[in-house]
Amino acid sequence: MALFSVRKARECWRFIRALHKGPAATLAPQKKSGERVFSGIQPTGILHLGNYLGAIESWVNLQEEYDTVIYSIVDLHSITVPQDPTVLQQSILDMTAVLLACGINPEKSILFQQSKVSEHAQLSWILTCMVRLPRLQHLHQWKAKAAKQKHDGTVGLLTYPVLQAADILCYKSTHVPVGEDQVQHMELVQDLARSFNQKYGEFFPLPKSILTSMKKVKSLRDPSAKMSKSDPDKLATVRITDSPEEIVQKFRKAVTDFTSEVTYEPDTRAGVSNMVAIHAAVSGLSVEEVVRSSAGMDTARYKLLVADAVIEKFAPIRKEIEKLKMDKDHLRKVLLVGSAKAKELASPVLEEVKKLVGIL
């Protein structure tokens, strides 16, 4: 009986979503010329629901809005902590497959491997020589990571925000899609660009942040914390490659509260509100529409409905990932071509920087 109810609810949701989407637009939107978008993602770990809704979905959309969109698999950032070389090599290819499956199109954007473009590291050193040590030590993420690792934190972990700045400025990027936890690092990028311009003349644009509309997706087991790749509780994180059975199990075990009604009250009902936010994001509906259409449904049944919506969203992506992983040569070619395109853009920028600094 419960399964029948969920199926009926699923049919209703599909009908509502179809109505919500409306007729397809006939004219393609005008792209923003003269502006460059840059963003990067580490290859380690499997992408999860929070990564997809908070970043990757936005990346896909930005391909239609800007003329030049550059996405990097930032493998140099990943080695700030110890990595198994064989696993890292495979992770780079796996991340390439995931991004392609999610909708990153090499014909609409540049997708490349960071370490293949040496200009990143060279510009990073020049910028490192311009930043004061206390500036890096005061960054929130350094404090948090250093506290966890105590005396094991590396210099790379301290200075990686400068490499992050070089990643962005290497292309004279004008816009950077970021999450809330990266705002402080973007301030450092802007400060470094401003300092360089004051010393050597106007050269770098001050890149602007593009904040994603989707707030952080919370852990299914602890709605006070964000969903994380490294969460030790396997039920807390929904990975993009999870099977339908795994997704159902995780949502069934998701923490809500003792009130059965479906409402959106993040301050007082964090668990249920997380379910609503996820449902709205994967279905393309507003939070208000989700809550209104879930009237009369208890949270136990509602969690299964949200699970079903996530399964439906990830099914074609998961299938495409499996297909792409079978063709490693294709993945390597995508990265090779993308790295060549990225180098064409980065090389003249670095050459000009060297002239200005006096090392060419």
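**Figure 1. Contacts of Ile-240 in a predicted model.** Ile-240 is in contact (heavy atoms within 4.5 Å) with Ile-46, Leu-47, His-48, Tyr-52, Val-98, Cys-102, Phe-314, Ile-317, Arg-318 and Ile-321, leaving aside neighbours within four places in sequence. Ile-240 sits in the loop between strand S5 (208–211) and helix H10 (244–252). Helices (H or I, at least four residues) and strands (E, at least two) are DSSP runs, numbered from the N terminus. Ile-240 counts as buried because its relative accessibility is 0%. Buried means under 20% relative accessible area, exposed over 50%, and partly exposed in between (1.4 Å probe, protein chains only). Phe-314 is 74 residues from Ile-240 in sequence, yet their C-alpha atoms are 6.5 Å apart. The model is predicted: local features need pLDDT of at least 70, side-chain atom pairs count only at pLDDT 80 or more, and totals for chains, interfaces and linings use all residues. Residues are numbered from 1 along each chain as its sequence is written, and side-chain values use heavy atoms, with hydrogens and water left out.

**Figure 2. The largest nonpolar core.** This core has 59 residues. A nonpolar core is a set of buried Ala, Val, Leu, Ile, Met, Phe, Trp, Tyr and Cys residues joined through side-chain atoms within 4.5 Å. Leu-49, Leu-99, Val-238, Ile-240, Phe-251, Tyr-302 and Val-310 have the most contacts inside it. Several elements each supply at least two residues, including strand S1 (32–41), helix H2 (49–62), strand S2 (66–73) and helix H14 (328–357). Helix H13 (299–325) is also on that list. The largest share, 11 residues, comes from H13. The core lies between domain 1 (32–216 + 328–357) and domain 2 (244–320), because both give residues to it. Domain bounds come from an automatic or database domain assignment.

Figure 3. Not counting residues up to four places away in sequence, Val-238 touches His-48, Leu-49, Leu-220, Met-227, Ile-247, Lys-250, Phe-251, Val-310 and Phe-314.

**Figure 4. Thr-96 in helix H4.** Thr-96 lies in H4 (residues 85–102). At 0% relative accessibility, this residue counts as buried. Beyond neighbours within four places in sequence, Thr-96 is in contact with Ile-73, Leu-111, Leu-331, Val-334 and Leu-335.

**Figure 5. Glu-246 in helix H10.** Glu-246 is placed in H10. With 36% relative accessibility, Glu-246 counts as partly exposed. Leu-235 is 11 residues away along the chain, and the C-alpha atoms of Glu-246 and Leu-235 are separated by 8.7 Å.
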